[in-house]
Amino acid sequence: MKKKHYNVIGLMSGTSLDGVDLSHIKFQLIDTKWTFEILESETIGYSQDWIDRLKTAVDFSETQLEKLNQDYTKLLASIISNFIEKHKIENLDAICSHGHTILHQPQNGFTLQIGNLPEIATLTHQTVVCDFRVQDVKLGGQGAPLVPIGDRILFSDYDYCINLGGFSNISFEQNSKRIAFDISPVNTVLNFYANQLGLNYDDKGQISRTGKVNTNLLNELNALDFYQQTFPKSLGFEFVKQTVLPLIESYSIAIEDKLCTFTEHVALQTALALDLFETRKDKKSRMLVTGGGAYNDFLIERIQSQLPEIKLVIPKSKILEFKEALIFALLGVLKLRDEINVLSSVTGAKADHSSGEIYSFS
């Protein structure tokens, strides 16, 4: 008989490079419904050296990537071990870790999340469930987004779930199928320009608010090929580096205007993404908003202005900041149970499947 209670840690590192999110979570299965309790949660920031390495890794050679993977696995293991010791966590069923995405090229049958080497189990003295994306890509899927199954299982009270992180992604039900896809870059671009002003990020969008929308740039951004594609579709940092930033940089305008224009672009693409599915006609809906972008008041205002009939709900900080760590913890639990944790309806894979690797410590 399968267990009904699980004591796990979920880990996530996003493309915005805020750091490693860790959450200690207890799951319980009551009848057919999963409930959860987030206990300790923490974000461990990266050193400047690690930020620089992760930012530039997209251009690394194969040998450099192998070294990076080994070093990052050791870093994650140290972070996990310190978290367990600090909070005196015992009797864990597993560590459920996403790792950090360096390359994401599903069109070429390839995706790489570092920090998922088998020795992480030995280094942490724990069972580790990780590397959730590779199998989906091998099955013809995008390897993303993976969060929607957690949205369906844990947050079914909401009509939509949107995450505003390095990239934005959304999920919702349509005709009894979960629909989900990446919408656009968000903090990968906004933080890039905040960095040019000597800031880690644009606090509450205060700088973006002072800028003006450049209509020509906005139109060019909205015309990019990615936005004309149908789902399933996903984004990687390559898109930002090779397409988005060169386009924005071709305009000799103030950084404030670049931030303001890109914020408007994100808001508009969010609305257009839902228009494609005609999901919001004559309906008062609720949208759960998570990720670092939820703290950007200006961005939230612009999205709300584009979606006046949808109530944007920003949850308490533990869910807002650690929802992805929570859901990767759930993906790990489902993998331990050999149950479906990736939906083909959102990734485009050949079939639903139970994805990830289990590394046991002995």
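Colleague: How many of the 10 residues of helix α6 (residues 187-196) are buried?
Modeller: In this predicted model, helix α6 is largely enclosed by the rest of the structure, because most of its length falls under the 20% limit of relative accessible area that counts as buried. The residues concerned are N187, T188, V189, L190, N191, Y193 and A194. Of the 10 residues of α6, the number buried is therefore 7.

Colleague: Is α6 roughly parallel or roughly antiparallel to α10?
Modeller: The buried residues of α6 pack against several elements, among them α10 (255-275). The axes of α6 and α10 lie 10 Å apart and the two helices pack at an angle of about 170 degrees. Since angles over 145 degrees count as roughly antiparallel, α6 is to α10 roughly antiparallel.

Colleague: How many of the residues in the contact of α6 with α10 are nonpolar?
Modeller: From α6 come V189, L190, Y193, A194 and Q196, and these meet I255, K258, L259, F262 and T263 in α10. Set aside the 2 polar residues and the 1 charged residue of this contact, and the nonpolar ones number 7.

Colleague: Which kind of aromatic pair do Y46 and Y72 form: stacked, edge-to-face or tilted?
Modeller: Y46 sits in the loop between β3 (33-44) and α1 (48-56), whereas Y72 belongs to helix α2 (residues 62-86), so that the pair links parts of the chain 26 residues apart. Both Y46 and Y72 are buried. Their ring centres are 6.3 Å apart, and with 40 degrees between the planes the pair is tilted.

How values were computed. Residues numbered from 1 in each chain as written. Predicted model: local features only at pLDDT ≥ 70, side-chain atom pairs only at ≥ 80, totals over all residues. Heavy atoms only, no water. Buried < 20%, exposed > 50% of the residue type's maximum accessible area, 1.4 Å probe, protein only. Helix = DSSP H or I, 4+ residues; strand = E, 2+ residues; numbered from the N terminus. Contact = heavy atoms within 4.5 Å. Axes fitted to C-alpha atoms, helices over the stretch in contact; angles between N-to-C directions. Parallel < 35°, antiparallel > 145°, perpendicular 65-115°, else oblique. Nonpolar A, V, L, I, M, F, W, Y, C, P; charged D, E, K, R; others polar. Phe/Tyr/Trp six-rings, centres within 6.5 Å; stacked < 30°, edge-to-face > 60°.
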